[in-house]
Each structure stands twice: as structure tokens, then as C-alpha cells.
2 protein chains.
Amino acid sequence: MNEVAIYQDLVLENEQKIVLLVLDGVGDIVSATTPQTALERARTPNLDRIAPQSAVGCMTPVIPGVTPGSGPGHLGLFGYDPTEVTVGRGVIEALGLDLELKPGDVAARANFCTVDNAGIVTDRRAGRIPTEENRELCELLQREIPEVDGVPVTIVPGKGHRFVVVFHGRDAGLGEGVADTDPHVTGKPISAPESLGGTAGSTRTAAVITALYGKALPLLKTRAHANAFLLRGIAVKPPIPTLRERFGLRSVAIATYPMYKGLAQLVGMQKEQPPGELVRDLFTAFRSVRDRYDFFFIHVKLTDQGGEDGDMDLKVQTIEEVDADLPELLEGKPDVLAVTGDHSTPVSMKMHSWHPIPVMIHSAVCGWDRRPRFTEREAGAGSLGNFPSKYLLPLLMANARKFDKYGA
Amino acid sequence: MNEVAIYQDLVLENEQKIVLLVLDGVGDIVSATTPQTALERARTPNLDRIAPQSAVGCMTPVIPGVTPGSGPGHLGLFGYDPTEVTVGRGVIEALGLDLELKPGDVAARANFCTVDNAGIVTDRRAGRIPTEENRELCELLQREIPEVDGVPVTIVPGKGHRFVVVFHGRDAGLGEGVADTDPHVTGKPISAPESLGGTAGSTRTAAVITALYGKALPLLKTRAHANAFLLRGIAVKPPIPTLRERFGLRSVAIATYPMYKGLAQLVGMQKEQPPGELVRDLFTAFRSVRDRYDFFFIHVKLTDQGGEDGDMDLKVQTIEEVDADLPELLEGKPDVLAVTGDHSTPVSMKMHSWHPIPVMIHSAVCGWDRRPRFTEREAGAGSLGNFPSKYLLPLLMANARKFDKYGA
């Protein structure tokens, strides 16, 4: 029997509450410029209090050496194998703009671009038009093109020259497997939306995209810069079994950034809007909805921001803010608390990385590893060893006594 | 090539002796009520002498978060993937009553129960009749029903209201995939033995079970309490390649409890009865049969009992008894000695658990990890890391120089 089926068969439901506290990108590395990691530098008296009474270890987010984007990073944390469950870029972008996607919807990233009289792309970013102009153009397109070939269309601006197009294809049999219309270099024309899949669905999507161009290009042709657009990452929202189906969990995402709420929604989580932007607000929200769910995904963004910006102080301060507010979370009495990240974002690298992610599990039956602090180095010496992220949720289920024994 | 085939291709036979010393459920956790594990508390001068000259690590018995029963726990130790090789409950129960199962045998757990005049189950445990009455009833049934529809039947009492029925189906084409006749609640009639598999084998088994009820119920109808019975976990002894076939090992189980001898028999081990119930008797038995086998599975039960009963003293004393007698084992000169458990049974949880199992491998070529003792914490820092139990036997094969090099 495969692992997913084994876990599913063992599920027991009970009243225990599981909190997954994700400090985005919290993992870090020691290097010539960073003699201590952010977790090592931060003053964390509250984490230090529970760390010795926790089980710790490290996680590999995807497979060794692979740096995940936010999608695979979080899918792993939610118990899915990110090499098997993939989410197309268009879907991630749509979720990032807070769009609700339904089964059958096809989403694409889009860029405004500049073409010359012969239709050759001369600037793939339309002179980096301001976001304000982008908004106007998207409003124009949306107003004039509510549907294409009977397929309702949603056009939503992002930042700068970027926007998202969603084709609501539930009744239209749309599929993915359509080539980007972006030629990815200047000096070439916009590519035809070729059906790579060769399925009825991908052929239909390609036809709808061709029709969209037919309606939209005339509306843009008088524009100095943004007189055309390019589509990439054309993708269907994947059919993913929910956390309720796989683990019997009523789950909720407590997050402020749309993309993370969107990723959570993909696996069937409800969303709870915290009362403010502070870490404390996330924890307050947990306490206010504690009775309604079994699993609480709490997302803290600024650790990742600190890593991405090479801003050690921001990363350290964010960890210290989490630590200072931790008593508020603990007063909500999670039966199982996990603290970890979705990937590492080393300050010295200013980007996501493949390095192991420290993880801490605290429960009545976690087993105390007696490590004095929660840092990369201490986690590396813990009882959990180094395991793929997809096993974290099963371990939390076990700690919550939500799994029956396997075999006699 | 899959792993099993790779290992099989590499097998070399030689005179080296491998001893797998299983302290059932030895792994434990530190918790609020258990500030030290049993391995930490026990005085173990002999283990402490070889620990620094051993390789140590931790094992995951099945997959992360999964708590194994004894069947999957031991199958892992014997080198089988317990997610692929599963043994039905009826087979485990039969093995636990020291029944020999042959290929084609179908075994079922059975409970005496009480039904009313309308055939409705009113007590699923027949008023918890005493074992003595159970024995009488099983003798009656066995005497009157030596076979059903030409299929020989064995009926063996267990404890209280529990017994086991084995259908010797080698020539009758019996199969598993038959629903329990136990309705699992009172207030319903005994369920029909429905063929879930829909195969010829499962249909045949269902028919034989129906015929068994036809013969047995009239024999019981005058009984006050045990006037019927319920069957569960109807299962065939699975076809498992033996240790001889997979690893070229002549193997023997030295154990006192029937279930563990039965599990060993499933993978082709011989059984050796120790001269008494003490740990020392197990080690004496090893020395007396050393020349006849390559692989010796020695099973110590009371560590698990201590865990299950929440009896730290029993667990500690059993470890100390093993340690005190270890010189007796070592005088038998095992070339490779592994000390481990089939799963953890934390004293604080009083049940099997999913926690990592410490393991120690001692041989001339194991590599010395120089850890001062054999405990969960020291094992967690060892060179073997944290690995699935199914890889232990291949590691022991390697230490015994029984594997050739892979590739040029």
C-alpha cells in the first residue's frame, strides 16, 4: 500500500489541536559574512523554555539540493509530496492576487509588452509601465472582454507590467498544456498559443487564448508602450485531495499575505483574517477560532523578507517578535505545536535555498530532546533526524494521537 | 533494478554469524513523568564496554509518524518493507497461538458471542466467558467439525472468549478478501461472510465459512451465553520470500513467545526452544546452535511489557538482565551483533509508539562511533543516522561481509 493510503487508513479523529507555526524562510547558514544564523543571534527566552522539552530535527523541503519556491515549500509542510503535486505558475500568481480559483479554471501570468508595426516584440516589459497604468489597462480589458468564446474571463493587475488572466472553464472543458505566448526574447513575434498537450482541453484553451488576443490587441494598439501582452505558465488548478480527506482535519490558514492563504485554500483550508499585521494578531486569531478547527497554519512572512533582502536585523527582529508573543499563542493551548519554515532563505544569499530547515515539535508525547535552544545546529542533533518535509504533518498527527496503530 | 533485487544479487555466503538481539519495545522518550529513558537509567557496564566500539543510529519502523504492531515491526527488522508485506490479523492471532500455517491456509480471529432468538447479537463477548469454558467449546467444535466442505479446519482456544479458526485450504483454492462476520455492534444479526475480493478464492472462503456456521451453530444453541461466534481479520498466510532466498541466510528464532516465533516462521526461520525463560537461556540456546545457522534472531519480551504496563522498573531490570548476561552471548562469538527493538514502547505512553528506535551494530568493520553508552540520545548522534528498519538487515549483511561490491 502506498504511504498516502496508509496514513489515510490510520486516521482517528479527536479534539486535539495542532498548530503549525511557519516562519517563512527561517532556516539560515553560517558563512564568512554571517558568523551566526538569525536563530542563533535572536534573543528567544520563550522558545528557549520549550526547546529542551521538544523533539527537533531538520527537514529537506523537496529532494536534496533542490531550492523550493513557496508553492512546493508549503505543499511539503501540508503533507503533500511536492515532486508529485505541482501547482502551475499561473495558478500561484492568481492565488497571490487573492483570486479564488474553481475546478476547471485556467490561469496564466501575463506581462504587458511592446511590439513594433511588424508585430515583433521589442520590449518584453512594455518599458516597465507604472502599476497605475497597468490597473487602467486591466480595467479596460476586463470591461470590454468579460468573456471569450463563451468562457468568462477575469483580468487582474499585479505590480508594474504584470497581470493575471483567469479563464473560468468549468463548463468549457479547458485544459492545460498550452505553450507560453511569450517568445522569451525580443526580436521575435508573439508565439501562437500552441497546444502541447494535444488533448481536447489544451486545444480548446489554445483556441480561447487566440480569441482573447483577437479581442484585446485592437484595444491596446494606440498605446505607446503597452500595446500587447505575453502569457506564461498557463495552468489549471490541480485536483488536490484536501487535508480533511487525507487526514480528517478541519483546517484553517491564519496569514496576511494572499499567496499563502491561496496555497492553503488549494488543500482545502479555510481562511481566517487576523485583526492586524503583527505577529500578535496572528496568535490572537488562533485563540479566537481555536474551537472551530483541528489544524492551524500560522504564517509569518518577514523572516523570509529579511533573508531575501540580506537584512539580518529584520530576520532577527521578526524571530524576536515571534518569541515575545509566543506566550499569547501558548495560552491558546495547542496540544501539538510545530515551529519551522517552508525553506531556508540565508541572509548571505538573499534568496531561497536548499539547505535543511530546522523544525521543532512540542507536545505531551514528543519526547524531550533536551537541546538548549531552537537553532539550526541544535536541530541537526535532534531525534527527528533529517527528513522530507512531507512527513512533518504525519508526525504532528502522531503527536496529536490522531493515528491508529499500523498492523497487528 | 529495485532494492530487493540489488541486495539479492550481491549475496555472498560465508561462515560469519549475525546475531539480531531484539529488546522488544526498548525505545523510549523523555517526558514530564520520565526524566530519563530506561536505557539511560539502566546500569549497563557490558553494553557500555562495546558501545564506543560500535556504530549507532536510529530507525523508523515503518514510515514517519506510524506506530507499528508487532507484525510490521518485526518484518522491518527482518529486511522486509512493512508497507508492502502485510500480515492479516487472523494470521497473527494464529501464530500467537503457536499454530503452524502453510501456504493456502486461511486464518480468522473468532469471538464467542450471544445472540437472541431472532439471531440478533446481544453480547459480542458472550458475557466474557472464562477461558475454561472456551476450551471446552473449542474442543466440542473441533471434535464435531474436523472439516467443512472438504476443507480441514483447526479450531484453537485463546484467552477468555477468543479463539482462532484455520481453514487448511491448500487444495481448495481458498482466498482472503472476505468481510468480517462480526457486525462490530450489538443489536444486529451476524453478518454474512461477504466476498469483498470478488475472486474465486474469496468466494470459496465465504462459502466455507457459511457452511461452518451451518454446522457449528446447532452445536452451540443450548448455551446460555456462548451460543454463537463472530469472525474477524480473515486472512491468508502471505507468500513471503524467505531469508534464505533473499539473503542466503540459514536463520533461527530464539524466542519464548509464540507470536514472535510465528513471525520468524513466516520468513522461513527455524525455531529453537531456549532451555528456560531467562535472558541467559536465550543466550545459551544461541551458543548451542551457533554452528547450524548464519542468522540468529533473539527476542526479549519484557522490555515491551514494562513499557506497556508503564512499569519503568521492569523495563530497566530487563535491560540490566540483558546486560548482565551479555558476556554469555559474546562468548558465543557473534561476528556481527545488533542490539535494537522492533518499535518504541514509552513507559509514559503505555503503548507502542512511532518514535525512533535506537540501534547498535558491533562488528570488526562497523566503524567505532565512540559514543559512551547505548541510549536513544547517543544513538541519535551516531554514524548510522535515522533510517528505515528494513535497511538494518542489509547493514548486518554488509558487516558480515556477505555482500559483494555493486558495480565495477
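Modeller: Happy to! Between chain B and chain A there is one salt bridge. The partners are B:Glu40 and A:Arg370, and their closest N and O atoms are 2.6 Å apart. Please keep in mind that this is a predicted model.

Sorted by class, the side of chain B that touches chain A has 16 nonpolar, 11 polar and three charged residues.

Now for the contact as a whole. Chain B brings 30 residues to it and chain A brings 24 residues. The size of an interface is often given as the accessible area lost when the parts come together. Here chain B and chain A bury about 2,200 Å² between them, and 61% of that is on carbon and sulfur atoms. Within chain B, the residues that lose the most area to chain A are B:Val30, B:Pro64 and B:Trp354, which together make up 23% of what that side buries.

Over all chains, the count comes to 47 salt bridges. One of them joins A:Arg290 and A:Asp335, with the closest N and O atoms 4.0 Å apart. This pair links distant parts of the chain, 45 residues apart: A:Arg290 sits in the loop between α10 (279-289) and β11 (295-300) of chain A, while A:Asp335 sits in the loop between α12 (312-331) and β12 (336-340) of chain A.

Back in chain B, have a look at B:Lys390, in the loop between β14 (386-388) and α14 (392-399). Leaving aside neighbours within four places in sequence, B:Lys390 is in contact with B:Glu3, B:Gly76, B:Gly79, B:Tyr80 and B:Asp81. With B:Asp81 there is a polar contact from side chain to side chain, at 3.2 Å. B:Thr131, by contrast, is 38 Å from B:Lys390, C-alpha to C-alpha, and 259 residues away in sequence.

One last stop is empty space. Rolling a probe the size of a water molecule over the atoms shows where such space is left. A search of the whole structure finds one cavity of 30 Å³ or more. The largest cavity holds about 40 Å³ of space. Its lining is made of B:Leu12, B:Glu13, B:Asn14, B:Arg244, B:Phe247, B:Gly248, B:Leu249, B:Asp294 and B:Lys402. By class, these lining residues are three nonpolar, two polar and four charged.

Terms used. Residues are numbered from 1 along each chain as its sequence is written. Chains are lettered from A and ligands numbered from 1 in the order in which they are written. This is a predicted model: local features need pLDDT of at least 70, side-chain atom pairs count only at pLDDT 80 or more; totals for chains, interfaces and linings use all residues. Side-chain values use heavy atoms; hydrogens and water are left out. On a 1 Å grid over the protein atoms alone, a cavity is a set of points where a 1.4 Å probe fits but cannot get out, and a pocket is an open set with protein on both sides within 12 Å along at least five of seven lines; lining residues have an atom within 4 Å of a point. Grid points are joined across faces, edges and corners, and a volume is the space filled by probe spheres set on the points. Ala, Val, Leu, Ile, Met, Phe, Trp, Tyr, Cys and Pro count as nonpolar, Asp, Glu, Lys and Arg as charged, and the others, Gly among them, as polar. Contact means heavy atoms within 4.5 Å. Buried area is the accessible area (1.4 Å probe) that two parts lose on being put together, summed over both. A salt bridge is a side-chain nitrogen of Lys or Arg within 4 Å of a carboxyl oxygen of Asp or Glu. Helices (H or I, at least four residues) and strands (E, at least two) are DSSP runs, numbered from the N terminus. A polar contact is a pair of N or O atoms within 3.5 Å; within protein, one must be able to donate a hydrogen and the other to accept it, and residues adjacent in sequence count only if both atoms are side-chain atoms.
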